[in-house]
Amino acid sequence: MLNVYKHDANHKLIEVDLNTAEKGSWINCYTPTEEELIQIHQLTGIPVHSLQTVLDREERSHVELEDDYIFVVVNTPVCVEMDSYDALPLGIFLTNKYFVTVCLDKNAVISKFLNSTGYSFSTYKKTRFLFQILSSASSSFLYYLQRIYKQTGVIGARVRQSMENKEIFHMLELQKSLTYFNFALHANESVMERLMRLRTSSLASVSLLKVYEEDEDLLEDVIIENKQALEMVGVYSNILISMMDSYSSIISNSLAQIMKFLTSVTILLAVPTVLYSLFGANVPMPMEHSPWGFTILVISGIILTAVVTFVLWKKDML
C-alpha cells in the first residue's frame with residue numbers, strides 16, 4: 001500500500017497523488033509491491049535495494065548516511081497475539097524533498113500520525129517528524145509493557161486457582177516478548193545516540209538533518225523515555241522469572257502432595273487385601289469352620305485398616 005500525504009496551508013493533513021507530490025510530502029508505504037518500490041525510487045532517487053532492506057523482519061536498527069538521503073531503521077512494537085509481542089523494523093528516509101517511511105506491515109506507530117491522535121506534526125519539518133516517530137515508538141513500547149504487566153497479574157491469579165501448564169506457557173510467551181523488546185530498545189538507543197552525535201558532524205548528508213533547539217530537547221526526552229522502557233523491561237523480566245520459578249515450585253509441591261496422598265491410599269487398600277488374601281488361600285485356616293469366621297475376619301480387616309489410617313494421619317501422610 002502506497003500513500004502520499006502533505007499538510008496544506010491550514011495545517012491539515014491531506015492525501016495527494018504520487019505523481020503530483022511536492023517538496024515536503026510524506027510518502028508512506030507498507031507491504032509494498034515491487035512496482036511500488038520502483039515508483040518510490042523514480043520519485044526520490046532512493047535505491048530499491050535500500051527500500052527492500054526494511055522488509056526483512058530481522059533488520060537491526062541503524063543509521064546510514066548517504067550522499068542524497070539519510071536512512072534510519074527503528075524498531076517498533078507489534079502485538080502478534082493476545083499474549084505475544086514482537087518488534088517490527090520501520091524504515092525512515094530523509095531526502096532533500098521528501099520524507100519516506102517503509103514497513104513490512106501496517107504499523108501502529110505510523111497510524112497514530114495518520115489518525116492525528118495526540119501528535120501535532122508537519123510533513124515538511126522532517127527532522128522533528130523523525131524524532132516524533134521515535135517518541136511514538138518509545139511510547140508504544142511503554143504501553144505494551146504496561147499491558148504485559150497487567151497480563152502477568154491476571155495469569156498469576158489464574159495460577160492460584162488452576163495448576164495447568166498453559167498458564168506457565170503464557171508466562172513463557174510474555175518472557176519471550178520482553179526479550180524481543182529488550183533487544184529492540186537497545187538497538188533504538190544506539191540509533192538515538194547516533195542521531196544526537198550527528199549534530200556536530202561535518203558530513204554533507206547531515207545537512208538534511210536540521211536540528212533546532214526544540215528538536216534537540218525532543219530527542220533528549222525520547223532518549224530518556226527509551227531508557228525508562230529498558231528499565232521496565234528489566235524489572236518485568238525479573239518479575240516474570242521469579243513468578244515462573246515460584247509457580248513451578250508450587251506445581252511441583254502440589255504434585256508431590258497428590259502423590260503422597262495416593263501412596264497412602266494404596267497402603268490402606270493393601271492392608272485388608274493382604275489379610276483377606278491369606279484367608280482366601282486353599283489351605284487349612286483358623287476359624288474356617290466357625291459360623292462367625294467371616295464376620296470376625298471382616299471386622300479384623302476394618303480395625304487393622306483403621307489403625308494404619310491413624311498412624312498415617314499422625315505422620316501427616318493423609
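Predicted model: local features only at pLDDT ≥ 70, side-chain atom pairs only at ≥ 80, totals over all residues.
Local features need pLDDT of at least 70 and side-chain atom pairs count only at pLDDT 80 or more, while totals for chains, interfaces and linings use all residues. Residues are numbered from 1 along each chain as its sequence is written, and side-chain values use heavy atoms, without hydrogens or water.

Most residues other than glycine have a negative phi. His 11 has a positive phi of about 60 degrees. His 11 sits in the loop between β1 (2–7) and β2 (13–16); strands are DSSP runs of E with at least two residues, helices runs of H or I with at least four, numbered from the N terminus. Thr 31 also shows a positive phi, near 45 degrees. Its loop joins β3 (25–30) and α1 (34–44). His 11 is partly exposed at 36% relative accessibility, and Thr 31 is partly exposed at 44% (buried, under 20% relative accessible area; exposed, over 50%; partly exposed, in between; 1.4 Å probe, protein chains only).

Asp 215 lies in helix α6 (residues 213–279). Asp 215 is buried, with a relative accessible area of 2%. Beyond neighbours within four places in sequence, Asp 215 contacts Thr 127, Arg 128, Phe 131 and Lys 210 (contact, heavy atoms within 4.5 Å).

Helix α5 (165–197) and strand β6 (84–95) each supply at least two residues to the lining of the second largest pocket (a pocket is an open set of points on a 1 Å grid over the protein atoms alone, where a 1.4 Å probe fits, with protein on both sides within 12 Å along at least five of seven lines; lining residues have an atom within 4 Å of a point). α5 gives the most, with 4 residues.
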